[in-house]
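Dear colleague,

Please look it over first; my notes on what was found in it follow below.

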Amino acid sequence: MGLLAKGKGKSNNTNTDNTTHNSNREGMGLLLVFFPENNAPNPTPTIANKTNLLSSSSSSSSSSSSPFFKRTNSNVIFSKAQSTISICFFLLFSTLLLFTLSTFEPTIPTDPFFLHKPHFTSSKPPNDTRFTSTALQRMGNLYRRGTRAMNDIVVCHVPEDTTSQEFQLFLRLLHRSGVTSKSDVVFIFPSPTSVSTFDPIVREENDLFLSLVALHAELNSTQWSKSPESSFDVTRFLKFAKNGESPWGKRIKSNMSGSDAEESELTRASYGSVLSFDANELDPENALAGFLDRVPLSLRIWACYPMLLGRVRRKFKHVMLVDVKNLVILNDPLGRVRNRSPESVYLYPVMNNGKHGKKNSERTQSHLVNSAILMGGARGVRRLANAMLIEIVRAAMQHKKKSPVSGSAILSQLVRNEFVLKNVHLIVSSESIPEASSLAASTWFSDYSIIQRGMGNYDLNYVIKKHICSSVVDSSVYRDC
């Protein structure tokens, strides 16, 4: 009996160890590190152990059931905990990944459109240009970012009494003149209200211009060297010259490299940026308000010019200042100053007795200088603007706010003062700017780069629209034809 009892005990121990070992093997697939076995049983059971296992199954079942279920329950609980922790880590990782991706700025392609792409339609621009961003140091509105850095800048001030029709005509002719193929265009509005008024016109004319360039480029590449009956010369916008990036707005990232980037450099159009400021941004203190009862934009603009040109100094070589209400630009007038010194300033005399083309070989006191437009080297224009602002203050103090101050009269007086402008090389044209009413409309003013609207009943807008809409190609782009 003693041996039998001993054998049973041994069998029970062996059975218990084998059962425990089997359960351990089932539950330790992933938990081997967490539950090491110090006293591992013999992995190869003997025949006697198997016999004893059968004979003592009834007695061993009661003794081995309790540890087995305890160990199994522990494994199930730990597996659930492990799954929960894994899910939490996955959610945390996904959240961090999404947050990281959301902080990257979207990549904007360098080229607004490519002329080698097939078939551009004239009903809408090849790419969406309706974006708004600040133009310079959190100021202004950038309507269109140019394809490259330009050497010239055209600053257009919009007087308070400018109508929407006058502004639209000026901008449309400015685009068609070819000036924007070599220049950036900046509009200065008298107030934020006027910015919101003319904003839709700027955007619409930008879209129409891009559609016009795309359509003419497509026609030139297929059938005609020049579109029939059209005065628009698209070749001026296809002569690309690599010259860095536009200084306006945020830097645009390019997602192209290698051969794709080289191909785009050769095929994209060349045109400048279009942006605007209101006078309060460039002249927040209204510097002339303490000297004049009412400061029109035609005078306040001389306080805005130094601020604007000073912030973009060394970015542009030539500058043109122009009045939107009184003038329209038909061709590129900056060709007269591109080969001159940086200190040069080119001026036009005021028309005498309505006669244009009159020779003015001498600068006498009886002749006034036209303040509606001047152009020249960036250094010379900036110096002239600073001197003009001081001269306006001096004239206002002499008049003691009683009589209005004429911009042309002050500029003419300043031009005759050689001591003040000793660092500026002044050049006064021998011919004044002609009025539209004195020219034959049949010639489409092709011999003139600038004309004055005039004060008569001559409807310049009607004549120009009639000429543009006479072209089948151009009339398909402009909706008001």
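Strand 8 and its neighbours

Strand 5 and strand 8 are paired antiparallel, with five bridges between them. Two strands count as paired if DSSP finds at least two bridges between them; helices (H or I, at least four residues) and strands (E, at least two) are DSSP runs, numbered from the N terminus. Within this pairing, His 318 has Gly 377 of strand 8 as its bridge partner.

This is a predicted model, in which local features need pLDDT of at least 70 and side-chain atom pairs count only at pLDDT 80 or more, while totals for chains, interfaces and linings use all residues. Residues are numbered from 1 along each chain as its sequence is written, and side-chain values use heavy atoms, with hydrogens and water left out.

Strand 8 (residues 369–377) is also joined to strand 7 (residues 344–349), again antiparallel, by four bridges. Here Pro 349 is opposite Val 369, and Leu 347 is opposite Leu 374. Eight of the nine residues of strand 8 are buried, so the strand is largely enclosed by the rest of the structure. Buried means under 20% relative accessible area, exposed over 50%, and partly exposed in between (1.4 Å probe, protein chains only).

The sheet and its helices

Eight strands make up an open sheet with mixed pairing, in the order 1-4-3-2-5-8-7-9. Strand 1 (141–144) and strand 9 (425–428) are the edges; each has a single partner strand, so one side of each has no neighbour in the sheet. On average, neighbouring strands of the sheet are turned by 20 degrees against each other, direction ignored.

Helix 8 (residues 297–311) lies across strand 2 (152–157), strand 3 (183–189), strand 4 (274–278), strand 5 (318–323) and strand 8, and runs at about 135 degrees to strand 3. Helix 9 (residues 378–399) packs on the sheet as well, touching strand 5, strand 7 and strand 8, with its direction at about 140 degrees to that of strand 8. Axes are lines fitted to C-alpha atoms, for helices over the stretch in contact, and angles run from 0 to 180 degrees between N-to-C directions. Contact means heavy atoms within 4.5 Å.

Aromatic residues

Twelve aromatic pairs turn up in a search of the whole structure. Rings of Phe, Tyr and Trp (its six-membered ring) pair if their centres lie within 6.5 Å; planes under 30 degrees apart count as stacked, over 60 as edge-to-face and the rest as tilted. One of the pairs is Trp 302 with Tyr 305, edge-to-face at 5.3 Å centre to centre and 85 degrees between the planes. Both residues lie in helix 8, three residues apart, about one turn of the helix, and both are buried. Tyr 346 and Tyr 348 also pair edge-to-face, at 5.4 Å centre to centre with 75 degrees between the planes; both are buried. Phe 167, Phe 170, Phe 187, Phe 189 and Phe 198 form one aromatic cluster.

The chain as a whole

The protein chain has twelve helices and ten strands, and buried residues are 43% of its 481 residues. The average pLDDT (the predictor's confidence in each residue, from 0 to 100) is 74, and 65% of the residues score at least 70. Over residues 103–131 the pLDDT stays under 50, and the model has 66 contacts beyond four places in sequence for them. The pLDDT is also below 50 over residues 256–267, a stretch with 13 contacts in the model beyond near neighbours in sequence.

Regards
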